[in-house]
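Here is a colleague's note for someone opening this structure for the first time. Please keep the sequence and the model side by side while reading the points.

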Amino acid sequence: MVSWDKPFTSVLRGQSLRTPPIWFMRQAGRYLPEYRAVRAKHPSFVDFCLHPEDAAEVTLQPIRRFDVDAAILFADILLIPHALGQGVRFVAGEGPLLEPTVTRELMERFDRASANTVLAPVFETVSRVRATLPKEKALIGFAGAPWTVATYMINGQGTKDPAATRRLVYADPAMIEQLMSILVDATADYLIGQAKAGADALKLFDSWAGGLPEDLFRRLCLDPSVEIARRVREAVDVPILYFPKGAGPLYTLAAAQDAFDGLAIDHALPPRWAKDALTSATALQGGLDPLLVVQGGDAMERAAKTLLETFADRPYIFNCGHGFVPETPPEHVAELVRIIRSF
């Protein structure tokens with residue numbers, strides 16, 4: 001059963017803290033020299049993610065360096081396709097490549113029963129981190145939401161415009177339904193495994209939620225994510241965050257769901273609008289443009305204080321509206337933490 005006495009989980013329960021808890025997406029990443037040293041030991045990124053000792057080490061690095069309030073499991077949203085049997089590799093300068101792209105025939109060959117066995121090293125990473133992490137720090141487990149993972153699986157790579165996936169929704173809805181069902185099952189099992197291993201909270205990343213018509217957002221993003229949250233809650237008592245990046249005004253549909261304990265907001269969403277429109281969400285998280293952390297200085301400080309002022313009277317977790325980029329100076333992150341803690 002999750003402990004609710006940490007600042008991070010207390011906010012997800014509905015408490016408004018004078019100093020909000022802090023963590024950052026991609027807080028363990030290439031901008032840190034200590035991360036790069038560990039990454040260099042592994043021939044592939046997937047191998048790195050499935051090496052519990054080293055994955056635990058880089059999960060803990062931002063806690064040691066910045067004293068943030070939560071660690072997020074070092075893994076990747078594409079481990080589920082890997083576990084099902086789709087080839088996943090990461091190419092320098094290109095990002096992830098998934099081969100072959102998903103077809104009905106490939107889905108029939110997916111080894112769904114063995115997926116969590118393949119992912120067992122991730123659960124060991126969670127256990128290792130939770131055993132080492134100070135008790136007041138939260139450990140966040142995560143997965144990609146089904147629509148986002150399906151987009152990668154169908155396109156075979158990252159894309160600026162997931163139009164190919166959307167076209168397939170119209171051209172072959174039965175195939176999409178089959179793939180989404182597989183991903184709901186696998187993702188729910190994966191998150192339950194993380195929670196049982198010691199994760200204090202879970203987050204669903206729906207990175208491709210933007211640009212969908214309302215009916216498709218409901219059917220492809222919201223409904224599968226709500227179903228995953230329902231299954232997780234049946235198995236474990238753990239708070240759940242949802243991040244429908246780029247959803248704009250459709251965020252209100254997610255806020256109306258009681259399946260989620262908090263919503264992560266992206267940096268394109270106006271903070272004042274989010275505060276006024278998303279009143280039914282228990283907690284909000286995020287909002288700072290991560291490129292401001294690259295810039296640092298007065299611009300970063302002004303934007304951070306605007307967020308702190310805007311959300312001062314409601315449950316709020318400080319974060320960026322997306323993950324840190326590799327060019328982020330670590331000293332700017334340390335300064336941002338100082339600004340928040342001294343507000």
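The points below go from the sheet to its strands, then to aromatic pairs, the core, a helix and some single residues.

1. Basis of the note. This is a predicted model, in which local features need pLDDT of at least 70 and side-chain atom pairs count only at pLDDT 80 or more, while totals for chains, interfaces and linings use all residues. Residues are numbered from 1 along each chain as its sequence is written, and side-chain values use heavy atoms, with hydrogens and water left out.

2. The sheet. An open sheet is formed by 7 strands in the order β1-β4-β5-β6-β7-β8-β9, with parallel pairing. The edges are held by β1 and β9 (316-317), each of which has a single partner strand, so one side of each is left without a neighbour in the sheet. Helices (H or I, at least four residues) and strands (E, at least two) are DSSP runs, numbered from the N terminus, and two strands pair if DSSP finds at least two bridges between them.

3. Strand β4 (residues 138-144) has 7 of its 7 residues buried, so it is largely enclosed by the rest of the structure; buried means under 20% relative accessible area, exposed over 50% and partly exposed in between, with a 1.4 Å probe and protein chains only. Ala138, Ile140, Phe142 and Gly144 point one way from β4, whereas Leu139, Gly141 and Ala143 point the other way, and all are buried. Strand β1 (residues 70-72) pairs with β4 in the parallel sense over 3 bridges, and Ile72 stands opposite Ile140 in β4. Strand β5 (residues 201-206) runs parallel to β4 and is joined to β4 by 5 bridges, with Gly144 opposite Phe205 in β5.

4. From β5 to β6. Strands β5 and β6 also run parallel, joined by 5 bridges, and Lys203 stands opposite Leu241 in β6.

5. Aromatic pairs. Rings of Phe, Tyr and Trp (its six-membered ring) pair if their centres lie within 6.5 Å, and planes under 30 degrees apart count as stacked, over 60 as edge-to-face and the rest as tilted. By this rule the count comes to 15 aromatic pairs. One of them joins Phe205 and Phe243, whose ring centres are 6.2 Å apart and whose planes are at 80°, so the pair is edge-to-face. This pair links distant parts of the chain, with Phe205 in strand β5 and Phe243 in strand β6 (residues 240-244), 38 residues apart. Phe205 counts as buried at 12% relative accessibility, and Phe243 counts as buried at 0%. Elsewhere, ring pairs link Tyr35, Phe45, Phe48, Phe74 and Phe90 into a cluster.

6. The nonpolar core. A nonpolar core is a set of buried Ala, Val, Leu, Ile, Met, Phe, Trp, Tyr and Cys residues joined through side-chain atoms within 4.5 Å. The largest one has 132 residues, of which Phe8, Phe24 and Phe318 touch the most other members. Helix α11 (residues 173-197) gives the most to this core, with 14 residues. Leaving aside neighbours within four places in sequence, Phe318 is in contact (heavy atoms within 4.5 Å) with residues including Pro20, Trp23, Phe24, Leu288, Leu308 and Ile340.

7. Helix α9. Helix α9 (residues 146-155) is mostly covered, since 9 of its 10 residues are buried, among them Pro146, Trp147, Tyr152 and Met153. The helix α9 is followed by Gly156, whose phi is positive, near 80°.

8. Two buried loop residues. His42 is placed in the loop between α2 (33-39) and α3 (45-49) and is buried, with a relative accessible area of 9%. A polar contact is a pair of N or O atoms within 3.5 Å; within protein, one must be able to donate a hydrogen and the other to accept it, and residues adjacent in sequence count only if both atoms are side-chain atoms. The side chain of His42 makes such a contact with the side chain of Asp54 (2.6 Å). Asp200 lies in the loop between α11 and β5, is buried at a relative accessible area of 6%, and has its side chain joined to that of Arg130 by a polar contact of 2.5 Å.

9. Cysteines. The structure holds 0 disulfides, a disulfide being a pair of cysteine sulfur atoms within 2.5 Å. Cys221 is buried, with a relative accessible area of 0%, and Cys320 is buried, with 1%.
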